[in-house]
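Here is my note on the structure, as numbered points. Keep the sequence and the 3D view open while you read.

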Amino acid sequence: MGEFTFQGQGTLQRIDTFVSKAGKTILTLICETQGQYPQLVPIKVFGRLAEQASAWKPGSVLSVSGRLGGRDWQGKVYGDIVANTVEVVSEGAQDGGGPDVGEPPHNTDDVPF
């Protein structure tokens, strides 16, 4: 039996950074889908992809493939969307004239991962 996988494309709105209690930095790409009902999709990146993330600019269209997963903690299941590959389809605005790239909301959830 295989994994749950995904492939999609969206416009990068911002990159959120979260530091876990263990001191691990987790980067989350916030991408917006197109269509009649646009959605914001949080996609986690690790390793070499996290190192490449500084080159991705808000407003860029990204093609992302990866895996879907989740964890059970104290009776609640927390979903994960994790990228395996990220490709830039088109570049975003370089002058900051793109989407709102201000301070992201601070994470107040007490989640162990």
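This is a predicted model: local features need pLDDT of at least 70, side-chain atom pairs count only at pLDDT 80 or more; totals for chains, interfaces and linings use all residues.

1. **A term to begin with.**

2. Residues are numbered from 1 along each chain as its sequence is written, and side-chain values use heavy atoms, with hydrogens and water left out.

3. **The overall plan.** The protein chain has 1 helix and 5 strands. Helices (H or I, at least four residues) and strands (E, at least two) are DSSP runs, numbered from the N terminus. Read from the N terminus, the order is β-β-β-α-β-β.

4. **Surface and interior.** How much of the chain is buried? Of its 113 residues, 29% are buried. Buried means under 20% relative accessible area, exposed over 50%, and partly exposed in between (1.4 Å probe, protein chains only). The chain exposes about 7600 Å², and carbon and sulfur atoms supply 50% of that area. Accessible areas come from the Shrake-Rupley method with a 1.4 Å probe; for residues, only the protein chains shown count as cover.

5. **Contacts across the sequence.** Contact means heavy atoms within 4.5 Å. Take the contacts with a separation of 6 or more. Residues 24 or more positions apart account for 55% of them.

6. **How the strands pair.** Two strands pair if DSSP finds at least two bridges between them. β1 and β2 pair in the antiparallel sense, over 8 bridges. Here Ile15 has Leu29 in β2 as its bridge partner. The hairpin of β1 and β2 has 5 residues between the strands, and Gly23 takes a positive phi near 85 degrees there. β1 is also joined to β4 by 8 bridges, and these two strands run antiparallel. In this pairing, Gln9 has Ser63 in β4 as its bridge partner.

7. **The core.** A nonpolar core is a set of buried Ala, Val, Leu, Ile, Met, Phe, Trp, Tyr and Cys residues joined through side-chain atoms within 4.5 Å. Which residues have the most contacts inside the largest one? They are Leu29, Ile43, Trp56, Leu62, Val64, Ala83 and Val86, in a core of 14 residues. Two or more residues each come from β1 (4-19), β2 (25-32), β3 (40-45), β4 (61-73) and β5 (76-90). β2 gives the most, with 3 residues.

8. **Ile43 in its setting.** Look at Ile43, leaving aside neighbours within four places in sequence. Ile43 is in contact with Phe6, Leu27, Thr28, Leu29, Cys31, Val64, Ile81, Val82 and Ala83.

9. **Charged pairs.** A salt bridge is a side-chain nitrogen of Lys or Arg within 4 Å of a carboxyl oxygen of Asp or Glu. The whole structure holds 3 salt bridges. One joins Asp16 and Arg14, with the closest N and O atoms 2.8 Å apart. Asp16 is buried, at 16% relative accessible area, whereas Arg14 is partly exposed, at 23%.

10. Asp80 and Lys44 meet in a salt bridge (2.8 Å, N to O). Asp80 lies in β5 and Lys44 in β3, so the pair ties together parts that are 36 residues apart in sequence. Asp80 is buried, with 10% relative accessibility; Lys44 is buried too, with 18%. Asp80 also forms a salt bridge with Arg71, with the closest N and O atoms 3.9 Å apart. Arg71 is partly exposed, at 45%. Shared partners join Lys44, Arg71 and Asp80 into one network.

11. **More on Lys44.** Residues up to four places away in sequence are not counted here. Lys44 touches Ile26, Leu27, Thr28, Asp80, Ile81, Val82 and Ala83.

12. Leaving aside neighbours within four places in sequence, Val89 is in contact with Gln9, Val61, Leu62 and Ser63. Val89 and Gly10 are 79 residues apart in sequence and 9.5 Å apart in space, C-alpha to C-alpha.
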